[in-house]
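Dear colleague,

I am passing on a structure that may be new to you, and below it I have set out what was found in it. Please read the notes with the structure open beside them.

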Amino acid sequence: MSSFAIIVRKALPQDLPAVKAITHEAFQQYEKDLGMPGHVAALKETDEDILADMEHKNVFIGLIDDEPVGSIRYEVHNGVAYISRFGVINSARHAGM
């Protein structure tokens, strides 16, 4: 069995391209599974939208052997966490992320 390093850390502005790519890949599959092309908001967000989330929400990026493979965004209101984006790239699914 091979081993690899999994790290999850707060996303930084310089992670924006990776967060955007991860989200896009994951939500393209979601859109396909839904059978509703053009209706998934995550595929329409801009760099500014992602940066705003980084300022106002908790945005984390997951890395396997220093390669970005997953991200999650959430906010906590009244003790309840609300996830607005969660995605893992296809090649890293089932790898423990």
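Which residues form a nonpolar patch on the surface? They are Phe4, Ile6 and Val8, with about 260 Å² of accessible area together (Shrake-Rupley method, 1.4 Å probe, with only the protein chains shown counting as cover for residues; patch residues have over 30% relative accessible area and no salt bridge, and nonpolar side chains are joined within 5 Å; a salt bridge is a side-chain nitrogen of Lys or Arg within 4 Å of a carboxyl oxygen of Asp or Glu).

This is a predicted model, in which local features need pLDDT of at least 70 and side-chain atom pairs count only at pLDDT 80 or more, while totals for chains, interfaces and linings use all residues. Residues are numbered from 1 along each chain as its sequence is written, and side-chain values use heavy atoms, leaving out hydrogens and water.

Lys57 lies in the loop between α2 (47–56) and β2 (58–64) (helices, H or I, of at least four residues and strands, E, of at least two are DSSP runs, numbered from the N terminus). Lys57 counts as buried because its relative accessible area is 18% (buried is under 20%, exposed over 50%, partly exposed in between, with a 1.4 Å probe and protein chains only). Although Lys57 and Ser84 are 27 residues apart in sequence, their C-alpha atoms are 9.4 Å apart in space.

In α2, Ile50, Asp53 and Met54 are buried, whereas the face turned away from that buried side carries the exposed residues Glu48, Glu55 and His56.

Technical notes. Patches are made of residues with over 30% relative accessible area and no salt bridge: like charges are joined within 9 Å, nonpolar side chains (Val, Leu, Ile, Met, Phe, Trp, Tyr) within 5 Å.
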